[in-house]
Amino acid sequence: MKRLVIIALACLFLNTEGICQGKHLNLDKANKALQGYDPVSYFKENKAIKGRKELSFKHDGAIYWFDSQRNLELFQQDPSRFSVGYGGWCAYAMGASGEKVKIDPETFKVMDGKLYLFYNFYFTNTLTKWNEDETSLKTKADKNWEDLNKP
């Protein structure tokens, strides 16, 4: 019961639409995903490129920004092709502890057609730790994410 009250208060006061919809998306207060970085750029250019507000698109409660009209169109054609793992939360933390931890959108890895983001602050780069034990962490992260998203 306590958890439901906390979630309801978060929805009301923090405008965390992704969480309120039960999707646990890592969004800012304006429902912007990836801190405004272009999701297509990670896949097409293997680079984190900041998007522009005037090239935005809303999908599943999240607002995505794009660097170019072409990237926006590619995303609109098949949003699932450019999906981000674990709702945009730190992949390492999801595997290590099942926690939703903030990310640095410029610290990422694309594997098996999916984007994964990582915490990289205060001399701690979790992508390095992820790479050291990727198979085990990925298995645990998948299970933790599934458990987190159970109805």
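1. T126 lies in helix α6, residues 126–132; helices here are DSSP runs of H or I with at least four residues, strands are runs of E with at least two, and both are numbered from the N terminus. The relative accessible area of T126 is 5%, so the residue is buried (buried means under 20%, exposed over 50%, partly exposed in between, with a 1.4 Å probe and protein chains only). Leaving aside residues up to four places away in sequence, T126 touches C90, Y92, F118 and Y119, where contact means heavy atoms within 4.5 Å. Between T126 and Y92 there are 6.0 Å from C-alpha to C-alpha, against a separation of 34 residues in sequence.

2. On the basis of these values: the model is predicted, with local features needing pLDDT of at least 70 and side-chain atom pairs counting only at pLDDT 80 or more, while totals for chains, interfaces and linings use all residues. Residues are numbered from 1 along each chain as its sequence is written, and side-chain values use heavy atoms, leaving out hydrogens and water.

3. Helix α7 covers residues 134–148; its 15 residues should span 21 Å at 1.5 Å a residue, and the end C-alpha atoms are 20 Å apart, which agrees. The expected span is 1.5 Å times one less than the number of residues. Buried in α7 are L137, K138, A141, W145 and L148. They cover an arc of only 100° around the axis, so they lie on the same side of α7; the arc is that of the directions from the helix axis to the C-beta atoms. T135, T139 and E146 are exposed on the other side of α7.

4. How many aromatic pairs does the structure hold? There are 11, counting rings of Phe, Tyr and Trp (its six-membered ring) with centres within 6.5 Å; planes under 30 degrees apart count as stacked, over 60 as edge-to-face and the rest as tilted. The pair Y64 and F75 is tilted, because the planes stand at 40°, with the ring centres 4.8 Å apart. Y64 belongs to strand β2 (residues 62–66) and F75 to helix α4 (residues 69–77), so this pair ties together parts 11 residues apart in sequence. Y64 is buried at a relative accessible area of 11%, and F75 is buried at 2%.

5. A further tilted pair is Y86 with Y116, whose ring centres are 5.4 Å apart and whose planes are at 45°. The pair links distant parts of the chain, 30 residues apart: Y86 is in the loop between α4 and α5 (91–96), and Y116 is in strand β4, residues 114–118. Both Y86 and Y116 are buried.

6. Ring pairs also join F43, F57, Y64, F66, F75 and F82 into a cluster. Two lysines sit over rings: the charged end of K32 is 4.3 Å from the ring centre of W65, and K102 lies over the face of F121 at 4.3 Å from the ring centre. The criterion is NZ of Lys or CZ of Arg within 6 Å of the ring centre and within 35 degrees of the ring normal.

7. For the whole chain, the secondary structure amounts to 7 helices and 6 strands, in the order α-α-α-β-β-α-α-β-β-β-β-α-α from the N terminus. Of the 151 residues, 42% are buried. Among contacts between residues at least 6 apart in sequence, 52% join residues at least 24 apart.
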